[in-house]
Each structure stands twice: as structure tokens, then as C-alpha cells.
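Here is a brisk tour of one protein model. Begin with a single helix, then step back to the whole chain.

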Amino acid sequence: MISTDHRKEHATREARTRAYVLHPDIRNSHRPRRAPELALEEAVALAAALPHLTVVGSEVVRISKVQPGTLFGSGRIAELKTIFQRDGIELVLVDGPLSPIQQRNLEREWGLKILDRTGLILEIFADRARTREGVLQVELAALSYQRTRLVRAWTHLERQRGGLGFVGGPGETQKEADRRAIDEEVVKIRRQLEKVVKTRELHRAARRKVPFPVVALVGYTNAGKSTLFNRLTGAEVLARDMLFATLDPTMRGVELPTGHRVILSDTVGFISDLPPQLVAAFRATLEEVLEADLILHVRDIAHPETEEQAQDVRDILDSLGVGADVPVIEVWNKIDLLAPPLREALAGQDGRKPGVFAVSALTGAGMDPLLSAIADELERGREETVLELPFADGRRRAWLHEHVSILGEDQTRSGYRITIRWTPRQKAEFERL
């Protein structure tokens with residue numbers, strides 16, 4: 001007799017959408033860096049991150065000249081259509097940007113649903129969001145994306161008649177009505193997000209009053225950030241060999257070898273060509289990085305394009321406004337996947353660059369030197385000082401209480417004598433007030 005669980009599993013497999021992944025390799029493109037075969041591999045991994053998809057096939061499509069209306073040439077479109085019909089493909093994933101016109105025309109040519117890279121990443125984020133803030137951020141990004149895609153709904157965009165009868169004016173198109181409905185929903189979600197962001201700001205303000213520095217983990221998706229987070233904190237954040245396994249940020253306390261405690265923050269993973277809608281929507285979450293006293297840039301050092309991935313992360317940090325005043329430690333993770341001679345060279349002091357630490361979050365190798373480096377970096381430049389503020393300077397006094405560690409405060413005849421401990425970054429911010 002077949003069990004109920006087995007029937008459900010079988011039904012789930014049967015219900016999966018059969019997908020085919022295409023990576024356009026555009027000759028003479030200004031888009032840099034990535035080897036097309038490795039880019040295709042990443043796109044297939046992205047598709048595999050959605051539980052309801054089965055990737056039936058994939059290929060790199062060489063393009064010598066981009067066709068404005070369809071991206072691909074007519075001959076290649078016909079060849080691919082034959083493959084899709086033969087293999088029963090229901091969804092085509094194009095690993096790159098598609099204009100609304102290109103997406104509409106390809107759907108017409110192939111008679112299939114098409115998703116470009118942005119649409120696929122939005123689907124993954126929608127599947128992974130768990131917190132209220134995460135869900136709202138994904139909805140906002142999806143609506144912003146959908147607003148540009150209304151041209152796809154070609155079957156119902158005929159002009160609607162206005163007025164009460166035939167004498168009415170020309171009315172408005174369905175597309176305009178859809179766009180207005182989306183705009184209204186965007187306004188509604190932004191209002192809800194504002195409330196969530198205010199709550200997050202209150203949490204940040206509370207953390208500033210506690211003398212615990214914040215250390216943020218950043219890195220390319222699947223670099224092992226969550227595994228490292230679990231290793232350092234003893235938490236049980238989902239950590240799997242999957243792109244975007246975790247989405248919502250998590251924070252935990254960690255005790256350093258010096259006995260001091262820090263707050264470790266695990267953020268969403270980055271990826272090349274991260275949709276601008278997502279960067280904008282998740283800005284409130286990513287701003288945890290801006291609040292950090294130290295950033296750990298986690299890299300998958302065993303990946304063949306680790307340098308390109310690292311540059312993508314740096315580009316996104318720059319776009320967020322993370323300045324040079326925030327120290328960064330590079331964590332070269334997954335050394336357990338390297339050949340023994342290279343692993344031993346990286347793990348030894350002679351094989352490391354300054355500010356770089358080779359570790360395996362999976363096995364725990366290299367954790368002690370990393371923790372010592374975190375403690376040293378947080379202490380470097382942090383100084384204790386005494387400030388004299390007049391009674392009238394309430395704004396700067398309030399800033400100190402909100403942002404730095406107050407060791408003591410006394411009233412004098414003319415104002416306040418405040419003993420503080422702060423970083424060079426906090427000192428520079430105070431001096432700008």
C-alpha cells in the first residue's frame with residue numbers, strides 16, 4: 001500500500017514545471033567578466049532553487065547581433081522551438097535582461113511562459129521571504145518589475161469606452177488602469193514598510209546604546225555565510241548548498257577570545273546583476289551593513305570565479321554607500337574543497353594576504369585566528385576620551401547617548417563632562433554635527 005506521504009511526494013514531482021535555461025552569450029557586449037559556461041551553471045542553480053521547477057535542459061546561445069524585438073535570430077528561435085516542443089517545455093528562463101517587447105514576442109513565437117533573470121530572482125525571493133518585512137520588500141520589488149511588463153498582457157489591452165454610452169470619450173486603456181492599480185498597491189506597501197522600518201530603527205537605536213559592536217557578514221550567495229554564522233554563534237540558521245538559501249537577516253551575540261561580545265549579523269547574499277528593484281526594496285535590510293563596525297566579506301575561495309564574485313559584492317557595497325571608513329576582513333571560505341597543498345598554503349601564515357583569513361566554516365578550520373582578528377580590528381583605533389558639552393548642546397549629547405558607549409557622565413557648572421569610548425568613524429560623525 002502506498003503511503004500518503006509518498007503520494008504527496010509523487011504528486012509534487014508530477015506538478016513540477018518543466019523548464020529550460022538559456023544563457024545569451026552576446027559577442028562584443030560591454031557586460032564584463034563572466035565565462036558563459038559558468039554563468040549558465042549559476043543560472044541553472046538559480047532555477048533549481050525553486051522547488052516547483054525541474055530543469056530539463058540548458059544551453060549557451062551565442063549571439064553575434066542582438067535582435068531588438070526578439071533578442072535571438074529567427075533561425076535560432078525556430079531551432080529552440082523544436083527542442084521545446086520535443087521535450088515538453090513549459091517555461092523558458094533567459095539568463096539576462098529582456099525588454100517587455102522581447103519577452104512578449106518570444107512568448108508568442110514559442111507559445112510558452114518566459115522569465116528573464118530579474119523575474120527568476122524575484123520568484124526565488126518570493127519563495128524564501130519569511131518575515132513580514134521580507135514579504136513586503138519582495139512584493140514591492142515585484143510590483144515595480146511588473147509595472148514595466150504590462151505590455152505582455154496584449155490580449156486585454158483594447159481601449160475601454162468611457163462615459164455612460166456611445167457618446168462617451170475614448171476612455172482609458174486597460175494597461176493604464178492596470179498601471180494605476182499597481183501604483184496604488186505600491187503606495188500601500190510602502191506605507192506598511194515605513195512602519196516596519198521604524199521598528200527596525202528602534203532596534204538599531206537600542207543596539208547603539210548597548211556597548212556591543214556590530215559585525216556584518218556579506219558575500220556572494222552560496223559563499224557559506226550562513227554556515228559561518230552558525231559556526232560562530234551556535235545558531236541554526238538554514239544553511240544549504242543552494243543559491244539564496246536564506247533571505248531574512250539574522251542577528252546573534254558572539255563572545256570573542258578577549259571576553260568582549262559582538263553582535264553578528266547575517267545578511268542576504270549578493271549576486272551578479274542583482275535586479276535594481278531588489279536593491280531598492282531591500283535597502284532597509286541591507287542598511288544593517290551601513291550600521292556595522294566591521295564587515296566580514298565571505299568568499300567561496302574554491303569557486304573558479306571567486307574574484308569576479310568578490311568584485312560584484314564590492315560593487316553592491318559601493319552602491320549602498322559603504323565607505324572606506326568601515327574596516328573589511330576577507331574570509332576565504334571552503335578551503336576544505338581545495339587540493340591539500342593549496343589548502344595548507346592558504347591556511348599557513350605565509351600563504352595569506354594581510355586582512356585575509358582562510359577558513360572552512362564546515363569543518364571549523366581557521367576559526368580561532370579569525371576571531372582574534374575580529375577582536376583586534378574592533379579594538380584598533382577605539383579610544384577613551386572625555387568631552388565637555390554646555391547645557392545648550394543637547395542635540396550632540398543626545399547623539400552621543402544614542403551612538404557610542406558612555407562610560408560615565410557628570411554635571412559641571414557649565415554643562416556635562418562625558419567619558420566615552422568610540423571608534424574613529426563615530427568620532428568623525430560627531431565632529432560633523
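In this predicted model, the buried residues of helix α13 are M367, L370, L371, A373, I374, A375 and L378. Buried means under 20% relative accessible area, with exposed over 50% and partly exposed in between (1.4 Å probe, protein chains only). An α-helix has 3.6 residues a turn, so residues three or four places apart point the same way. Helix α13 covers residues 367-379, and its end C-alpha atoms are 19 Å apart; this agrees with the 18 Å that its 13 residues should span at 1.5 Å a residue. The expected span is 1.5 Å times one less than the number of residues.

Some ground rules. Residues are numbered from 1 along each chain as its sequence is written, and side-chain values use heavy atoms, leaving out hydrogens and water. Because the model is predicted, local features need pLDDT of at least 70 and side-chain atom pairs count only at pLDDT 80 or more, while totals for chains, interfaces and linings use all residues.

Now the whole chain. The protein chain holds 15 helices and 13 strands. These are DSSP runs numbered from the N terminus: helices are H or I of at least four residues, strands E of at least two. Of its 433 residues, 46% count as buried.

Which residues touch the most other members of the largest nonpolar core? They are L93, V218, V289, I295, L317 and V322, in a core of 38 residues. Such a core is a set of buried Ala, Val, Leu, Ile, Met, Phe, Trp, Tyr and Cys residues joined through side-chain atoms within 4.5 Å. Elements giving two or more residues to this core include β1 (17-26), α2 (36-48) and α11 (306-320). Another core, of 25 residues, lies apart from it; L228, V254, L264 and L294 are among its members.

Next, a sheet. Three strands form an open sheet in the order β11-β13-β12, with antiparallel pairing. Strands pair if DSSP finds at least two bridges between them. The edge strands, β11 and β12, each pair on one side only.

| Strand | Residues |
|---|---|
| β11 | 383-390 |
| β12 | 405-411 |
| β13 | 415-422 |

Six bridges join β12 to β13. E409 stands opposite I418 in β13. Helix α14 (residues 394-403) packs on the sheet and touches β11, β12 and β13. Its direction makes about 30° with that of β13. Axes are lines fitted to C-alpha atoms, for helices over the stretch in contact, and angles run from 0 to 180 degrees between N-to-C directions. Contact means heavy atoms within 4.5 Å.
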